[in-house]
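Visitor: I have a model open and would like to go through it with you. Could we take it step by step?

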Amino acid sequence: MALADLLYRCPRCGFDPMDGEGDDASCPACSTRYSRGRGDRLLVERRPDGVTAEVPVATLVDLIEANGGPLSRAERPDGSIDYRADVLASWRVGEEPVHHRGALRGFSESMGEAVQAVLKVDRDGVTLSAPGQPEARMAFLEIRALQTSSSSLQLSLPGDRLVQFKFLSDSPRRWEDLLRQLLRAAYRRAGKGNVVEFQPRIVTE
Amino acid sequence: MPLGPYTNRTVAHVSWYGFFKLVGKGLGYSLARIDVTGRENIPRSGPFFLIPNHQSVLDPILVQAVCPRTVHSFTKSTQFASPVFRWLLPRLNAIPTRRYRVDPQVVRVALRLVEEGRGIGIYPEGERSWDGSLQPLRRGTVRLLLKAGAPVVPCGVVGSYDVWPRWSRRPRRCGVSIRFGKPLHFGKHDEKSDRERALDGAIARLARALEDLVGPDQPSGATAGLSGSPSPDGGFVTRPPKGAKTGALAPEL
């Protein structure tokens, strides 16, 4: 992953997406540069005046949210949501028991072969399209859990199904925020309450 | 001759865990200047839960390397996918934890370890923090603490985000402080209704203990989503509201 995965939108001016590799990110619109600072801070170099400051990462993340978060790039002028990304998608094919010294310690999922696919999201759910395979539609109200794992996202589905997405050209952080926000909104629209937890199952209050 | 005050093991009994603990210590000290406080808060015998915050992939290595007792840590099940980790992690006493469903097996293993008087490590945020702040604590984790009734040792890890944040591909050498807090005693709650009644209070207490250990300057979402929990007080730094302006949040920008 890279700093631009965390700062997928410029905290200063709100432009989305950001440029950058590794521990550096820059905004194509306002030219502000971001890099690793001390502690939980990032070094922010404002352009064109070159003023630099160390700003807490949490503050910058809040500014991304204040500037539109993941939604404004996904939202169309007519108010609909239409956003997509290339992913490597894999489905769980089984569970493997893990033993140690003769005792069962637990289970781990074994995932099937990863296939390149396009993940699309709208207001009601996500759709996975892979060449030569039927589209898989996952409505938000059917999703049982949403969990992140490093640079991947996993969705738990009815029928004990599990699918994992590894993002090839987009920020996993953006997708985590986006799916959580849309899922929360879908639950509210359906009168199912406020989602307070996404894993190991979606919990509302 | 015993190896230390927390064990009656001798050199001849050093396990894979002990070996990799030494390796982890070497790795940890090569990546970070480590400062440890509160080791005396780890019970010398009997069961306990070790509950650290989670800022970096290094946290389990660093915490287990400096903890004076052996810890069996909940580890996300995806880590067991590769053959190398599938062999290694059980030898580090890792307990595979399925996060895509409520995992009854992990509860059974944890309760058995409590009966045997072992130490169990759980990262209650469920995943590394993206921005270094404390994330909301998983309710299921705290339910398990209430069911088991063993002492809970909160552990603040400060600085590992600086060494290797989640979004970075490479670590850099910085200072890391590992602070073991005083044990919390929630009591044993056998009945589900008792656990539910005690849940919000226990989450708030544990979150506050972690907040105190990681320092007041760390922003927190640890109590987010609590129903009926006390309002954040001096120990919590409130995140700014959605829609706040850049200048108000970060005047330097």
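**Salt bridges and the contact between chains**

Guide: We can start with A:Asp49, which counts as partly exposed because its relative accessibility is 45%. Please keep in mind that this is a predicted model.

Visitor: Which residue forms a salt bridge with A:Asp49?

Guide: The partner is A:Arg46, and the closest N and O atoms are 2.8 Å apart.

Visitor: How many salt bridges are there over all chains?

Guide: A search of the whole structure finds 33. Between chain B and chain A the count is 5.

Visitor: What does B:Arg98 form a salt bridge with?

Guide: B:Arg98 pairs with A:Glu95, with 2.8 Å between the closest N and O atoms. This pair crosses between chains: B:Arg98 is in the loop between E4 and H4 of chain B, and A:Glu95 is in strand E5 of chain A.

Visitor: Are those two residues buried or exposed?

Guide: B:Arg98 counts as buried because its relative accessibility is 5%, under the 20% limit. A:Glu95, at 27% relative accessibility, counts as partly exposed.

Visitor: And within chain A, which residue does A:Arg189 meet in a salt bridge?

Guide: The side chain of A:Arg189 meets that of A:Asp124, at 3.2 Å from N to O. The pair links distant parts of the chain, 65 residues apart. A:Arg189 is in helix H4 (residues 172-189) of chain A, while A:Asp124 is in the loop between strand E7 (115-121) and strand E8 (125-129). A:Arg189 is partly exposed, with a relative accessible area of 48%, and A:Asp124 is partly exposed at 47%.

Visitor: Which residues do salt bridges with shared partners join into one network?

Guide: The network consists of A:Arg92, A:Glu95, A:Asp160, B:Arg98, B:Arg101 and B:Asp103. One of its links is the salt bridge between the side chains of A:Asp160 and B:Arg101, at 2.7 Å from N to O.

Visitor: Why can such side chains pair at all?

Guide: Side chains of opposite charge can pair when their charged atoms come close.

Visitor: Let us look at the whole contact. How many residues does each chain give?

Guide: Chain B gives 55 residues and chain A gives 62. Between them the chains bury about 5200 Å², 50% of it on carbon and sulfur atoms. In chain B, the residues that lose the most area to chain A are B:Tyr100, B:Trp130 and B:Trp167, together 17% of what that side buries.

Visitor: Changing topic: what is the secondary structure of chain A?

Guide: Chain A has 4 helices and 14 strands. Its C-alpha trace spans about 60 × 50 × 40 Å along its principal axes. Of the 205 residues of chain A, 52% count as buried.

Visitor: Which residues have a positive phi although they are not glycine?

Guide: They include A:Ser31, with a phi of about 65°, and A:Arg101, with a phi of about 50°. A:Ser31 lies in the loop between strand E1 (24-26) and strand E2 (33-36) of chain A, and at 35% relative accessibility A:Ser31 counts as partly exposed. A:Arg101 lies in the loop between strand E5 (83-100) and strand E6 (103-111) of chain A. A:Arg101 counts as exposed because its relative accessibility is 70%, over the 50% limit.

Terms used: Residues numbered from 1 in each chain as written. Chains lettered and ligands numbered in written order. Predicted model: local features only at pLDDT ≥ 70, side-chain atom pairs only at ≥ 80, totals over all residues. Heavy atoms only, no water. Contact = heavy atoms within 4.5 Å. Buried area = accessible area lost by both parts, 1.4 Å probe. Salt bridge = Lys/Arg side-chain N within 4 Å of Asp/Glu carboxyl O. Helix = DSSP H or I, 4+ residues; strand = E, 2+ residues; numbered from the N terminus. Buried < 20%, exposed > 50% of the residue type's maximum accessible area, 1.4 Å probe, protein only.
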